[in-house]
Each structure stands twice: as structure tokens, then as C-alpha cells.
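Let's take a friendly look at how two protein chains can meet. Keep the structure in view as you read, and try to find each place as it comes up.

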Amino acid sequence: MKQQIFFPALSVLLTASLLFGITSCGPKTCPEDPSKCPLNEAEVITEFINTNRMLTNNLTGVDYIIEGDIEVSADF
Amino acid sequence: MTIEKGVEIQFKNCASLTIKENGSLNAVGTTSMPVLFTGVEKTEGYWKGIFLSGSNSTNNILKYCTVEYGGCSDYDMIIVGDNGGNPARLNMDNSTIRNCKNNGLYVARNAYLDAATNCTFSGSDYPIFIHFENPNVKLDNTSTYSNNANNYIFLQGYGPASGTISISVTIRNAGIPYYLEGAINVGGNYTISTGVTMVMGPNSSIDISENGNFTATNAIFKGKEATAGYWKGIFMSDGVATINGCTMSDGGAMVSISDDVANAGMFYLWNYWAQPDLRISNTTISNITKHGISVNDAGGGSVPTVSINTGNNITPGAGGAVVHSF
């Protein structure tokens, strides 16, 4: 029984290591290296109603992604 | 909404940012750290645009910003709207509007464009679209315009929701020609500033009526096509027109009634019930269909006043420089 469980688990681990570089000497990934951060590391704004907010420059690339129709209807 | 210098905002497919009556948009970048509003994909018409809908805040400022790749759902890149009588307001400088599927900047009839200084408009349809009766558009000649499909400021003339204006409007020299479609109906002070070029659309006209005071100095009026009669001309049923140092061409199809083509003129004065007053000097009129100045003095009003001052050069078509008819 143990052997039947062991081999599939090892296979998944090896595959993940090859695909995502999960090794001690592999490439750095986001957020260790900000330049490697993919687009979706930016904050996605899907609703923005009845509030005021400052959008700050907090990443080296894209800071925000607007998804849909966003309304700003208040300043404080 | 305040956006810091250096921020980049990307919009997904057909997304938009709307600023409502009680909100505002303040995006102030710097030369080295501009603010970027762009699409996730760099395609014209990918996202809608920025819509100032009724926000009249003086906090609406775009400074060192780039706004690009909008125009989805027939949006213009930036719309300064008039939401049911709540006109929006925008002040922009050192900013770029580019690569929009539609117009770069739209300013509604009663909206406010406090400034557009040192801006760049490129790669859109018309770079700016405004209405003839809007007195709140403060353009100057510090901006640049290039690679737009129609490299004019679109000036929307008389339409179903417009009418004769009784307020003071000045068309400013923006360093780029205006393109007029429809009619400018003048019932107040209307000034065409020195250095302005008015490119007239087909059958477009300037109509001066009661209390109208039209002034054009050192301006150019020409058809979009260099064809005699391409645009109508200037019609006066009342009011005063002072034309000095202008160059006018490609018009001359103006008549009082549609079948009066024999008396068509670049200027057509008709004393139907009042007394129009034309004062013209140092002005060149050419490439017209019939007459330079056609005066219909058979109406019920006093005989129109025509002051032909010095320096004019009127080249009539199949007519006379100045004729009185009827």
C-alpha cells in the first residue's frame, strides 16, 4: 500500500520542481525579485464606489488593474 | 481619487473609470515619473476611457499623465461630460492623449476645460471635440497635434439640442485648425480670435441674428475642400459682423431661400424685419459661386448697413463683388 501511494506523490513533486523551479539553486521568483512579479501582482480594482483613496506607486511595473466600470463618487 | 506620481494603471477589456458628481480625479506626475493610464493590451479601443461625469471639482487635474488605447464602446479617451446639467471640469497640462479609437478629448456643451497646456494629442480620430456654444473651453497654442485621423479640433455646430446662443464665446487660437460641421448661430458676442483657421464642413454656415455681434480678426475661413460653394457663407438677418484682415474662400452658397441661387453670396444680408450691419475691411474673398456680398433689401426692416472699408479684395464668382437684390 505504501508503495502505491509513494510513487504518484514523488512524480508530482518532481514535475512541480521542473515546472516552477522549486529548488534551492533555481531562479528567484516574485516577490523575492520584484522584476519577476507577473502582471497579476498588481492590485485588481473591481469596485470603487463611495470612497476616496490614494493610488500609490508601490511596484516597479503595473500598480493597478481596473476590471470593469469603476465609479468614484466621493472625496473626503 | 488621488493618483501618485509614477503610478501605472492598466485597464482590462472595455473597462473604464468614471468620476461622479461628488468625486474628483487628481493625477499629478512629474517629467521622470508620469502617471500612465493604459490598456492591458496596447490596442486602440481596448478599454473605454476616463469619464468625468458631472464632477465640477477644481481638483480634477491631469498633469504629466499619459492616457492611451481607449475608445471601447464609442467612448472618447477622456470625456468631460455634462451629466444632466452638472457640467464637469478638467485642467490638464504636460499630458499626452494618444491612440484612441475615437476622439482624444470630448468636452460637452456646458462642461469646463480650464486649460490644456503643453499637451500632446496624437493617434486618435479628432484630437479634441467641442461644441460651438461652449464658452468654457480655454485652449491655447502650446499643445501639439499629430497623426490624428482628422487633425482638427471638431467644432460641433447647431444641432437638435443647440440653438442661437446669447452668451459670449471666443474661439481661441489653439495652433490647429477648427473643423465646423453645421451652423454657428450667433445671438450674442461671438469672437474668432487672431490666427484661427476655420475649416468649414459641407453646407456649414455662420448665422447672425438678433443681438448677434460677430467679430473675426486675422482669421482664415476655408472649405474642407477647395470648391466654390462648398460651405454656405455668413448669413445676417440682424446684428453686427465686424470682419477685419480675414481670408475667406470656398463658400458663397448662402441664400435666404433655397431657390434664390442667383443671389447667393459669401455674405448674405436680409432685412426681413431688422437691419443687419456688416463692417468689413482688409479682407480677401475668393473661389465663391456668385457674389461676395449679397444684400436683400426688400424685407420689412431698414436697409442693411454695409460698410466696405479699405483693403478688401473680393473676387466674385458668376456675380458681383457687392450686389443689392430685390
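## Where chain A meets chain B

In this predicted model, the side chains of B:Lys48 and A:Asp69 come together in a salt bridge, with 2.8 Å from N to O. How many salt bridges does the rule find across the interface of chain A and chain B? The rule finds two. There are also 16 residue pairs in polar contact between the chains, both residues at pLDDT 80 or more.

Which elements of chain A give two or more residues to the side that touches chain B? They are strands of chain A, listed here with their residues:

| Element of chain A | Residues |
|---|---|
| Strand 2 | 54–55 |
| Strand 3 | 64–66 |
| Strand 4 | 69–72 |

Strand 4 of chain A gives the most to this side, with four residues. Sorted by class, the side of chain A that touches chain B has 11 nonpolar, six polar and six charged residues.

Now follow strand 3 of chain A across to the other chain. This strand pairs with strand 2 of chain B (residues 8–11) in the parallel sense, over three bridges. Within this region, A:Ile65 stands opposite B:Gln10, which belongs to strand 2 of chain B.

Finally, let's step back to the whole contact. Chain A brings 23 residues to the contact and chain B brings 25 residues. The size of an interface is often given as the accessible area lost when the parts come together. Here, the area buried between chain A and chain B is about 2,000 Å², and carbon and sulfur atoms give 54% of this area. A:Leu55, A:Ile66 and A:Val72 supply 27% of the area that chain A buries against chain B, more than any other three residues.

Conventions:
Residues numbered from 1 in each chain as written. Chains lettered and ligands numbered in written order. Predicted model: local features only at pLDDT ≥ 70, side-chain atom pairs only at ≥ 80, totals over all residues. Heavy atoms only, no water. Contact = heavy atoms within 4.5 Å. Buried area = accessible area lost by both parts, 1.4 Å probe. Salt bridge = Lys/Arg side-chain N within 4 Å of Asp/Glu carboxyl O. Polar contact = N/O pair within 3.5 Å; in protein donor to acceptor, adjacent residues only side chain to side chain. Nonpolar A, V, L, I, M, F, W, Y, C, P; charged D, E, K, R; others polar. Pairing = 2+ DSSP bridges.
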